[in-house]
Amino acid sequence: MAKHGNPLGIDIGGSGIKGAPVDLATGTFTAKRLRFDTPQPSTPEAVIDAVAKVVEHFKDEIGDAPIGVTVPAVVTHGTVRSAANIDHGWIDFDGELALETKLGRDVTLVNDADAAGYAELHYGAARDEFGLVILTTLGTGIGSAILYNNLLVPNSELGHLEIDGNDAEKDAASSVKDALGLSYEEYATRLQRYYSVLEALFSPDLIVVGGGISKDADKFLHLLELRTPIIPATLQNKAGIIGAARLAAEAAGVKVKPKKG
Ligand code: BGC
């Protein structure tokens, strides 16, 4: 009989493909994370081969448990619909079906920021928060997750709001800070504009700031003037893996003890 192990989360990013099995009771990894460089070009075929290597590595640990995989793109019903920061071969590609065919098991394919937001909601910075939570990830682009009363509203893509005539992530992603050599004060001016628009459009109860730069949140979050509390994410680069594993388990009908509202 197949062994039921812990679900596996795999995060496909622009530079790395990272995976680990996740204990859903605690939202922690049950084995050391494995990472491969993202193949370049990051075509679906090349990336799926790398994902298969991650699954093979953890096969004893996960048994026949479901697998959650993130992509930095819109995903509707398993099909990828955009490709701002990955190979354009993903557009209109049924990634979920292709992964299931390659791996011979259930896969849930999900937007990277949605997975990260779901993890922060259940195990991280937004854990005790009910109401409307918006998580943004500041990185190569800007990802977003909208969470309302513990539910995820998927594919919000708030990094592509048009603000002052520009695609917001082209002005306010942390990659822009790096590329232009901006100080935290200069970067905060851009974030102020971005988060003011988010606040005006959504009136959230809480904004959570994720992505690699969130570990330096004490250098810039206090510079922002907003009505809405804005706090750093706590799960850092583990969030995508944890959220993907949980979403996959829930999609497969695994009962995870619900958080109290
Ligand atoms: C993509 C989103 C993604 C975000 C972070 C954006 O450019 O459109 O789907 O969540 O980058 O990777």
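This is a predicted model: local features need pLDDT of at least 70, side-chain atom pairs count only at pLDDT 80 or more; totals for chains, interfaces and linings use all residues.
Lys177 lies over the face of Tyr184, with 4.1 Å to the ring centre.

Next, colour the chain by secondary structure to see where the two partners come from. Tyr184 belongs to helix α7 (residues 184-202), whereas Phe220 is in the loop between β14 (206-210) and β15 (230-232). The pair thus links distant parts of the chain, its members being 36 residues apart. Both Tyr184 and Phe220 are buried.

Ring pairs join Tyr184, Tyr187 and Phe220 into a cluster.

The structure holds four aromatic pairs. For another of them, move to Trp90 and Phe93, whose ring centres are 5.7 Å apart. The planes of Trp90 and Phe93 meet at 90 degrees, so the pair is edge-to-face. Is Trp90 buried or exposed? Trp90 has 2% relative accessibility and therefore counts as buried. Phe93, at 21% relative accessibility, counts as partly exposed, because buried means under 20%.

Finish at Lys53 and Phe36, where a charge again meets a ring. The charged end of Lys53 sits over the ring of Phe36, at 4.5 Å from the ring centre.

Conventions:
Residues are numbered from 1 along each chain as its sequence is written. Side-chain values use heavy atoms; hydrogens and water are left out. Rings of Phe, Tyr and Trp (its six-membered ring) pair if their centres lie within 6.5 Å; planes under 30 degrees apart count as stacked, over 60 as edge-to-face and the rest as tilted. Buried means under 20% relative accessible area, exposed over 50%, partly exposed in between (1.4 Å probe, protein chains only). Helices (H or I, at least four residues) and strands (E, at least two) are DSSP runs, numbered from the N terminus. A charge sits over a ring if NZ of Lys or CZ of Arg is within 6 Å of the ring centre and within 35 degrees of the ring normal.
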